Amino acid sequence: MSPDQYGANDSLTGAGTSRRSLLRAIAAAPAVAAAPWGEALTPLYESYGDAAATVVRSREGRAFSRQRYHVAEGFFPTEQPQGRLAWQTFLYRSGIAAQLALSSHLLDIGFTDEWCARNIGLRVAKSLAYANATGLGHNCPEMARLALVLTPYHRWNQVRPSGQSEPDDGGFTPAQVRVCLRALLDRVHDVTGHPRPRGWERRL
């Protein structure tokens, strides 16, 4: 797996472009604007048994989204883990980065942080499903597989009794995880239009 594998599918084309144009139009409203994601979200509400969210885009939500994206970039794991405990810490940080990035998208389109905390929590795979249903357009099979490994991400930061099996890491290597996360963070950056954090430099 290499960064080039994500080039065509994850550039700002197709769904991403139309979503951005739509959000620009919504942003022209004086204070808040309802986002038209109802039909796309109904199957997810039914599948997960979630209460329907009131998805209303606002300037406050967008500012919160930008902050969340910047924090996600800060959690991007750059270390080379040596040993089992370091690998688990690496996956824990990876889960945080992925969840923050996906949360940035959801906040940007109008979900509230309270709804996300109550209904999504630490489940990266669920965040990815909601994000893709609302215009993120990051339909990468490897990211979907990694999201399952990272769900819920706190399991990689738990002390386990002797003899209890470790979670399945899906056979990922640190390099593969970083490629998946870099593609996800870049996609969130492209689709939301948020600027990179100050002092940001591309890291794999």
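Trainee: Let's start with charges. How many salt bridges does the count come to?
Mentor: Ten salt bridges. Keep in mind that this is a predicted model.

Trainee: Okay, pick one for me. Which residue does K126 form a salt bridge with?
Mentor: D50. The closest N and O atoms of that pair are 3.0 Å apart.

Trainee: And where do K126 and D50 sit in the chain?
Mentor: K126 is in helix α7, residues 124-133, while D50 is in the loop between α3 (38-48) and β2 (56-58). They are 76 residues apart, so the pair links distant parts of the chain.

Trainee: Is K126 buried or exposed?
Mentor: K126 is buried, because its relative accessible area is 4% and the cut-off for buried is under 20%.

Trainee: What about D50, buried or exposed?
Mentor: D50 counts as buried too, at 13% relative accessibility.

Trainee: New one, please. What does the side chain of R196 meet in a salt bridge?
Mentor: The side chain of E73, at 3.4 Å from N to O.

Trainee: How do R196 and E73 come out on accessibility?
Mentor: R196 counts as partly exposed, at 24%, whereas E73 counts as buried, at 1%.

Trainee: Which residue forms a salt bridge with R196 at 3.2 Å?
Mentor: D186, with 3.2 Å between the closest N and O atoms. D186 is in helix α9, ten residues apart from R196. At 12% relative accessibility, D186 counts as buried.

Trainee: Which residues do the shared partners join into one network?
Mentor: E73, R182, D186 and R196.

Trainee: Switching to helices. At what angle do α5 and α9 pack?
Mentor: About 15°, with their axes 10 Å apart. Helix α5 covers residues 84-109 and helix α9 covers residues 174-192. Angles under 35 degrees count as roughly parallel, so α5 is roughly parallel to α9.

Trainee: Is their crossing left-handed or right-handed?
Mentor: The crossing of α5 and α9 is left-handed.

Trainee: Which residues make the contact?
Mentor: From α5, they include W87, F90, L91 and H105. From α9, among them are P174, V177, R178 and L181.

Trainee: How do the residues of that contact divide by type?
Mentor: For the contact of α5 with α9, there are 13 nonpolar, four polar and two charged residues.

Key: Residues numbered from 1 in each chain as written. Predicted model: local features only at pLDDT ≥ 70, side-chain atom pairs only at ≥ 80, totals over all residues. Heavy atoms only, no water. Axes fitted to C-alpha atoms, helices over the stretch in contact; angles between N-to-C directions. Helix = DSSP H or I, 4+ residues; strand = E, 2+ residues; numbered from the N terminus. Parallel < 35°, antiparallel > 145°, perpendicular 65-115°, else oblique. Left-handed = near helix turned anticlockwise from the far one by under 90°. Contact = heavy atoms within 4.5 Å. Nonpolar A, V, L, I, M, F, W, Y, C, P; charged D, E, K, R; others polar. Salt bridge = Lys/Arg side-chain N within 4 Å of Asp/Glu carboxyl O. Buried < 20%, exposed > 50% of the residue type's maximum accessible area, 1.4 Å probe, protein only.
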